[in-house]
Every structure is written in structure tokens, then in C-alpha cells.
Amino acid sequence: FEVTDKIEIRIQKHEALNEALETFKEHIGIQTLAELVQLVDKLDPKTSREVDLDDGVKTLMQVTKITG
């Protein structure tokens with residue numbers, strides 16, 4: 001990705017993260033220049049990456065470049 005690329009971020013829901021992500025998704029979007037930050041029920045492990053956060057909390061995240 002380039003700094004000027006437009007991206008979308010999707011994060012698989014996790015009970016330890018959902019409230020904070022909903023509260024701060026606009027801020028996350030501004031800081032990452034993402035056009036979309038979205039919590040989703042399920043992501044495909046083949047097209048996303050597992051992220052390991054504090055206290056052993058793991059979820060999947062997908063960053064997609066917007067084309068066109």
C-alpha cells in the first residue's frame with residue numbers, strides 16, 4: 001500500500017473489542033486514512049490476518065485497497 005491509497009478496514013467482532021471499536025471507529029479511520037472501518041460477524045482467514053492484542057485477545061482483520 002501507498003500512503004495515498006484509499007483503504008477499507010474490517011475487523012471481526014470480539015466481545016472484548018466491540019464496544020471500543022464502535023466508539024472509536026471514526027477516529028481509527030481518520031488516523032489510518034481509511035474510508036471505512038467496519039465490525040463484521042465473520043472474516044475469511046484466507047483473506048485476513050489474525051491480530052493478537054493485549055491479554056491474549058485475538059481476532060481477524062482485513063485491510064483492502066479501494067480501486068477505481
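Author: Helices are DSSP runs of H or I with at least four residues, strands are DSSP runs of E with at least two, and both are numbered from the N terminus. The model is predicted, so local features need pLDDT of at least 70 and side-chain atom pairs count only at pLDDT 80 or more, while totals for chains, interfaces and linings use all residues. Residues are numbered from 1 along each chain as its sequence is written, and side-chain values use heavy atoms, with hydrogens and water left out.

Reader: Which pattern does the protein chain follow along the sequence?

Author: The protein chain has one helix and four strands. Read in sequence order, these elements give the pattern β-α-β-β-β.

Reader: What is the radius of gyration of the protein chain?

Author: The radius of gyration is taken over C-alpha atoms, and the globule rule is 2.2 Å times the number of residues to the power 0.38. For 68 residues that rule gives 11 Å, and the protein chain comes close to this value, so it is as compact as a globular protein of that length; its radius of gyration is 12 Å.

Reader: In what order do the four strands form the open sheet?

Author: Two strands pair if DSSP finds at least two bridges between them. The edge strands, each pairing on one side only, are strand 2 (34-40) and strand 3 (49-52). The pairing in this open sheet is mixed, and the order of its four strands is 2-1-4-3.

Reader: In strand 2, which residue is the bridge partner of Ile9?

Author: Strand 1 (residues 7-12) and strand 2 are joined in the parallel sense over six bridges. Arg10 of this pairing stands opposite Gln38 in strand 2. For Ile9, the bridge partner in strand 2 is Val37.

Reader: What angle does the direction of helix 1 make with that of strand 2?

Author: Contact means heavy atoms within 4.5 Å. Helix 1 packs on the sheet and touches strand 1 and strand 2; the angle between its direction and that of strand 2 is about 165 degrees.

Reader: Which residues is Ile28 in contact with, leaving aside its neighbours within four places in sequence?

Author: Ile28 lies in helix 1. Buried means under 20% relative accessible area, exposed over 50%, and partly exposed in between (1.4 Å probe, protein chains only). At 24%, Ile28 is partly exposed. Apart from neighbours within four places in sequence, its contacts are Leu21 and Val37.

Reader: Is strand 1 largely enclosed by the rest of the structure, or largely open?

Author: Of the 68 residues of the protein chain, 28% count as buried. In strand 1, five of the six residues are buried, so the strand is largely enclosed.

Reader: In strand 4, which residue is the bridge partner of Arg49?

Author: Strand 4 (residues 58-65) pairs with strand 1 in the antiparallel sense over five bridges, and strand 3 and strand 4 pair in the antiparallel sense over four. Glu50 stands opposite Leu60 in strand 4. The bridge partner of Arg49 in strand 4 is Met61.

Reader: Which residue takes a positive phi in the hairpin of strand 3 and strand 4?

Author: Five residues lie between the strands of this hairpin. The residue with a positive phi, near 60 degrees, is Asp55.

Reader: How far apart in space are Ser48 and Gln12, C-alpha to C-alpha?

Author: Ser48 is placed in the loop between strand 2 and strand 3. Ser48 is buried, with a relative accessible area of 12%, and beyond neighbours within four places in sequence it is in contact with Leu43, Leu60, Met61 and Gln62. Ser48 and Gln12 are 36 residues apart in sequence, and their C-alpha separation is 9.6 Å.

Key. Axes fitted to C-alpha atoms, helices over the stretch in contact; angles between N-to-C directions.
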